[in-house]
Amino acid sequence: MGNQKVNNIKLGAFVLSGLVLMIFAFFIIGRNNNIFGNDFKLKVRFSNLNGLTKGNNVLFSGLQAGTVKEIELINDSTIEVTMQINSKVKSFINKNAVAAVGTEGLMGNKVVNISPVKGMSQKVAEGDLLQAKNMANMDEIIEKLAQTNNNVASISEVLKGTVLRIDSSAILKLINDESIGISLKSSLENIYKMTSNANKMTIGLNHLVNDIKKGKGTAGLLLTDTLVAGTLKDAVVQIRAASVNANSMTLQLNKMVKDLSHDLSNGKGPINTLLKDSLMAKNISFTMENLQKGTDGFNQNMEALKHNFLFRGYFRKLERQKKEQQAELLKATQQR
Amino acid sequence: MSLVIRFKNFLDETGNIARFTGRFFSVGIKPRYEHKEFFNQCYIIGYRSLPLVGLTAFIMGLVLTMQLRPSLVDYGVESQLPVMVGLAIVREIGPVITALIFAGKIGSSIGAELGSMKVTEQIDAMTVSGIKPFKYLVATRVLATTLMLPLLTILGDAISLFGAYLGVNIRSVTSFDLFFLQVFKSLDFSDVLPAITKTLFFGFAVGIVGCYKGFNSTKGTQGVGISANSAVVLSSVLIFIIDLLAVQITELLGLN
Amino acid sequence: METATKEQVIVIKDLVKAFGDKKILDGFNLTVEKGSNVVILGKSGSGKSVLIKCIIGLLQSDSGSIHVFKENISQMTEDELDQARSKIGFLFQSNALYDSMTIRENLEFPLIRHWVDISKEEVERLVNEALENVDLLHTLDMMPSELSGGMLKRVALARTMILRPEVILYDEPTTGLDPVTSREIENLILKLQKKNHTSSIIISHDMNCVKNTADLVVLLLEGKCYIKGTYEELKQSTDENIKQFFE
């Protein structure tokens, strides 16, 4: 019989825990639904509910304050919503508060938002009609967003045109001082190389001419022809002149660049410098072009000389020597 | 031909079960009541089933949560996981799984117990001893299953929700308070009441079918096995049929 | 016969019982007198068990009448039947002890059911006495599954006797037991019968049992009372249907 009693106790505990859980669950759900407790009612009239239904939550400043109790169609543009409001929240709602239909989250349930309005007012009483604020619903928001988008698109179109126009104007090019500086520098370098080349060439030619005069080398035999000697002399003279020209040009350029960088470093700013005189920019351009042309012509002369069969052997020898030197250099580095 | 016979047998069986059920309401409800046996059966049917129901409910809640998560993550509403799981458990999974486990454990044990009592003449012995076997054996068991299954379901739901809470916490973190709030915020009386009400019918079906099969067990140990087996099969099918009816009725009543 | 003037305890007239199309009992007649042991012989399936189940009201007869202590069993309501049953004991072939209860509870069960106003002390005393009669007092708090076949039969006998029935129906009391245990059971039946002055109907096809217990032997054949007489009378018979039981 003792066993029976233990079993009964266990059964009692089992049944009791089940019932307690059930009552607890009912109580919590009931509290959510405001079935228990002394709540009171507020009303509000909307023209559009946007899908608000019975049982939806009512929020006061975002705080859970009650539920929608009843929805009644009054006429074709007015719907009266009766809300059951928690008595704890009741004393904080003023008569001038506004109610609006909103949404929980982006896609959630509909809610009624009651928000306080600044200014003194009496507290609400049972059955009061609140002011309604018809809020934009999701569709409207999306519609507006689309409109905004279109506006942005057309604005950006206009902006694009403007930018293109500015871009294509000469001023913008000149504002960019850095690129000019770089091209100036590279031009100067070219000139340097050119002049040194010319120098080497002249020295080489001098050697060659002396050799020929002494009757050395294979070419010597051929140089009995005075015509050939004449052209050679001309060529050498021309080269000298070109290198002299180039030298003076380099000097001029150097001065100009110095001026430019002086201005820059004096803090007058690139724009200032370049806008000082657009003519100057043009001048620089011209000078550079000329320089290019000049060097081109010189190069052409040199090329022609190289290809002349008479000097071919000499240049080959030069090349071979260069190669040997390189090979030795390579060997030395490898040994090391 | 054999199909016709089978159909006739099926109708015969259905009629017999209906008659048996009618007998429960005409005989079983009248005094005298077998209090002691009723409480004893409540203990066996309710309390003793709790560990099994609890285990399955716990696993169900955990697994359901983990299975639902990926699709919710796909839709970007992972935060709604407690709501989804809570609704699924309370409305459908909890009652049906508990009832099926219950049918497996209790339906078969009632079928086998009454079957073997029938076969070994214990039921006749009761009659001879001045006990109404229908009252003593059937009414107590049917009443016990009818009342215990809802309790088991409630406890199972609670355990299942706890499993779901752990399931949510495996991959992400939520506090118990938040989980609890989310679940109960989504629940309404229209979710809980029909679910609990239908378990009453599940329990009744399990009890009636188990008792009927046991009470009409044929001779021999094989007969006992058959009654136990067919009690489980029939009551499981009945649970689903009742579930189908329940959803239709709640729909009709506008409680959904 | 010398017992002819004695009180008639059970009177069965033209009893018919059919299952479907098959008539198991077809116009069976029997009278049992007070203090006598009637053994009903018959092959398996001849309707012996059906007969005694009809007597105790477990089965409803189709026609005919069964009077137990001058009351018609076949026309009783459930409550009246319960009342009548308290005077009839029934020993089941398979003992029918409740598996889920201890021996004590098994014995208490019919007591507290039939005698609602009985005191706890009285129940205790009766249970102990009944178990003492079958020498099994030590099994009081055991479960039926812990006992051997012979012990179970004795417990079942104790349970049958506990209500002090005036008529006891035995359904094959020695079937499935070894000869030694069978003898013990038979002796127990006779001992208890002498002590309580009961009448009984014994169903058996164990000829030793018949020989030891029967005052009157009835052969049940094709649903009818084929022949009745003492053991010795039947043993002398040349009828083929009777002879096969004595071989």
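1. Among the contacts in chain A between residues at least 6 apart in sequence, 69% join residues at least 24 apart, a contact being a pair of residues whose C-beta atoms, placed from the backbone, lie within 7 Å. Chain A has 10 helices and 7 strands, where helices (H or I, at least four residues) and strands (E, at least two) are DSSP runs numbered from the N terminus. Of the 336 residues in chain A, 12% are buried; a residue is buried if 20 or more other C-beta atoms lie within 10 Å of its own, exposed if 12 or fewer, and partly exposed in between, with C-beta atoms placed from the backbone.

2. The model is predicted, so that local features need pLDDT of at least 70 and side-chain atom pairs count only at pLDDT 80 or more, whereas totals for chains, interfaces and linings use all residues. Residues are numbered from 1 along each chain as its sequence is written, and chains are lettered from A and ligands numbered from 1 in the order in which they are written.

3. On confidence, the predictor gives the complex an ipTM of 0.84 and a pTM of 0.68. Chain C averages a pLDDT (the predictor's confidence in each residue, from 0 to 100) of 84, and 98% of its residues score at least 70. Within chain C, the highest confidence is in strand 7 (residues 167-171), at 89, and the lowest in helix 9 (residues 240-246), at a mean of 78.

4. Chain C contains an open sheet of 6 strands in the order 6-7-8-3-9-10, with mixed pairing; two strands pair if DSSP finds at least two bridges between them. Its edge strands, each pairing on one side only, are strand 6 (88-91) and strand 10 (224-229) of chain C. Neighbouring strands of this sheet are turned by 20° against each other on average, direction ignored.

5. Strand 3 of chain C (residues 37-41) is largely enclosed by the rest of the structure, because 5 of its 5 residues are buried. Asn37(C), Val39(C) and Leu41(C) point one way from this strand and Val38(C) and Ile40(C) the other way. Strand 3 of chain C runs parallel to strand 8 (residues 199-203) of chain C, joined by 4 bridges, with Asn37(C) opposite Ser200(C). Strand 3 of chain C is likewise parallel to strand 9 (residues 216-221) of chain C, again through 4 bridges; there Val38(C) has Leu216(C) as its bridge partner, and Val39(C) has Val217(C).

6. In chain B, helix 6 (residues 133-171) and helix 8 (residues 189-215) pack at an angle of about 150° with their axes 7 Å apart, where axes are lines fitted to C-alpha atoms, for helices over the stretch in contact, and angles run from 0 to 180 degrees between N-to-C directions. The residues of this contact divide into 14 nonpolar, 6 polar and 1 charged; Ala, Val, Leu, Ile, Met, Phe, Trp, Tyr, Cys and Pro count as nonpolar, Asp, Glu, Lys and Arg as charged, and the others, Gly among them, as polar.

7. At the interface with chain A, 16 residues of chain B are in contact with 15 residues of chain A. Helix 6 of chain B gives the most to the chain B side, with 4 residues, and that side has 13 nonpolar, 1 polar and 2 charged residues.

8. At the interface with chain C, 10 residues of chain B are in contact with 14 residues of chain C, and the chain B side has 3 nonpolar, 5 polar and 2 charged residues.

Conventions
Contact = placed C-beta atoms within 7 Å.
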